[in-house]
Structure formats: C-alpha cells, structure tokens
Amino acid sequence: MQIIIFGAPGVGKGTQAKIIAQKYNIKHISTGDILRESVAKGTALGLAAKEVMERGDLVSDDLMGKLVKETLNGFDYQKGFILDGFPRTLAQCKITDTIFEELNISNPILILLKADTEIIVRRLTSRRQCSACGAIITLNDIKEPDVCPKCNARNTLIKRKDDSEEVVRRRLKVFRETTLPVIEYYQGKYRVEIINGTQPIEKVTKDIEAVLNK
Ligand code: AMP
C-alpha cells in the first residue's frame, strides 16, 4: 500500500500517518520529522534547513527530492509507505513523478485531510511535544501543569519554534499558495480522497481506513 497524505500544517496528518503506518505495517516517511532530526543532529542538511524551517518557509525542492529518494531507496518501498509532507510544490510533483517512475511506484492513493484555518491556528499554537516520550499533545490534554499526560515526565513539554502564531499563519499561507495546487496536479492522475480532519482522531482514522479498504 502506497499512500501520500496531504493537509495543512496541524491538520493531524503526522498523527494519522503514524497510526496508519502501524495498522498496515508500512513505513511512515515524514519529511518534517527527518528535517527536524537533521537539525537536532547538526548535519549538513539540518544546517541548510534550520533557518528556513524556523521562518515557516519551504526547504529547496532539490534538497527535498534527494532526501525522499534516499529515504525510499533505504528500505523495501514495495511493501508500502505513507509519505507525509512531500510533495509540497509543483516542482516536487515533477520530482516525485521521476522518482516513482524509476522505482516502479505506479498507483499511490492520495489522502487530503481538510480543516478550517482558525481551528488549525488554535491547534498548533497549543501543541506541545514531550522530549521524553515523543508524544504530541495539546494544552487541553494536560491535567497537571508541565506534566506529560502520556509518560508523566515533568518539564518536558516543548513548543516547536514554528508553532508560534506568526509562523503558523505564514506556514498556512505557504500551504494555500504552494501546496494546494499539488492536489489539482494529482486529481485525475491518482485516486484522491478527501477527509474531514476536524473530527476526533479515531473518527479520522476510521474514515481513512474506509477509503483504504475500498
Ligand atoms: P511539517 O512537520 O511537515 O509541517 O514540516 C515542517 C517544516 O519542514 C516545513 O514548514 C518546511 O520548512 C519543512 N519541510 C517539510 N517537508 C517539506 C517539503 N516537502 N518541502 C519543503 N520543505 C519541507
């Protein structure tokens, strides 16, 4: 099963991609996660990406294409994957066409998660990640201040630099202007399924499973 999951930042595509990858035993490829790891490790890719990401802009198409190709080549991609965060521009669609052709990937399913802008701004500005267990939560989930509701670690809840309101709005603008045309590019080429991303997590997963099992 080969899936590309799309959606504005904060719509829950990372959360859903992780769940679906586990349920279907396929690899989750998140370009945002790979870039964040590279920044944390201080690799050449990380150094090139750090400031661009903190501004809420997009890393160059060239770098992203190389990263995705290397990642797909690093495992048995025919067994399945869910690609989260790529392609994000029309140039990246062209790069994807070339990579998929070379690797004989011919029938991916595209899932678009939709949500209203203001809901996303609220979600993202209250999003935190636990540096101990990696859980992603929102401030509404927290019962005790500064305690991770998943692993109970204290003072480990960190806000991503690009989750400030100003940067979130910039990321949403980039999404509207640069990434939405990607959906049009694929409509008619591959199967595109649109799902309401504002529903509870379990319901979104159910809707995704329903289209995958069609
Ligand atoms: P995400 O976690 O998917 O929202 O990605 C976080 C940030 O990583 C984005 O705001 C971009 O700066 C960068 N990024 C991730 N994927 C891509 C991509 N396909 N093209 C360009 N930049 C990307």
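## A tour of the ligand site and the cysteines

Start with Thr31: one of its polar side-chain atoms sits 2.8 Å from a nitrogen atom of the ligand. Keep in mind as you click around that this is a predicted model.

Next, select Gln92. Here too a polar side-chain atom faces a ligand nitrogen atom, at 2.9 Å. Then pick Asp57, and show its backbone this time: an N or O atom there lies 2.5 Å from an oxygen atom of the ligand. Now put a surface on the ligand. On its own it would expose 480 Å², and the protein buries 96% of that.

Zoom out to the whole shell. There are 15 residues around the ligand, and Thr31, Arg36, Asp57, Gly85 and Gln92 come nearest. Colour the shell by class and you get six nonpolar, four polar and five charged residues. Which helix gives the most to this shell? Select residues 31–41: that's helix H2, which contributes four residues.

Last stop, the cysteines. How many disulfides are there? The count comes to zero, taking a disulfide as a pair of cysteine sulfur atoms within 2.5 Å. Select Cys148 with Cys130: the sulfur of Cys130 is the nearest cysteine sulfur to Cys148, yet it is 3.7 Å away, and Cys148 is in no disulfide. Cys148 is buried, with 0% relative accessibility.

Now move to Cys151 and Cys133. Cys151 is in no disulfide either, its nearest cysteine sulfur being that of Cys133, 3.7 Å away.

Key. Residues numbered from 1 in each chain as written. Predicted model: local features only at pLDDT ≥ 70, side-chain atom pairs only at ≥ 80, totals over all residues. Heavy atoms only, no water. Near = heavy atom within 4 Å. Polar contact = N/O pair within 3.5 Å; in protein donor to acceptor, adjacent residues only side chain to side chain. Areas by Shrake-Rupley, 256 points an atom, 1.4 Å probe, with all protein chains shown as cover. Helix = DSSP H or I, 4+ residues; strand = E, 2+ residues; numbered from the N terminus. Nonpolar A, V, L, I, M, F, W, Y, C, P; charged D, E, K, R; others polar. Buried < 20%, exposed > 50% of the residue type's maximum accessible area, 1.4 Å probe, protein only.
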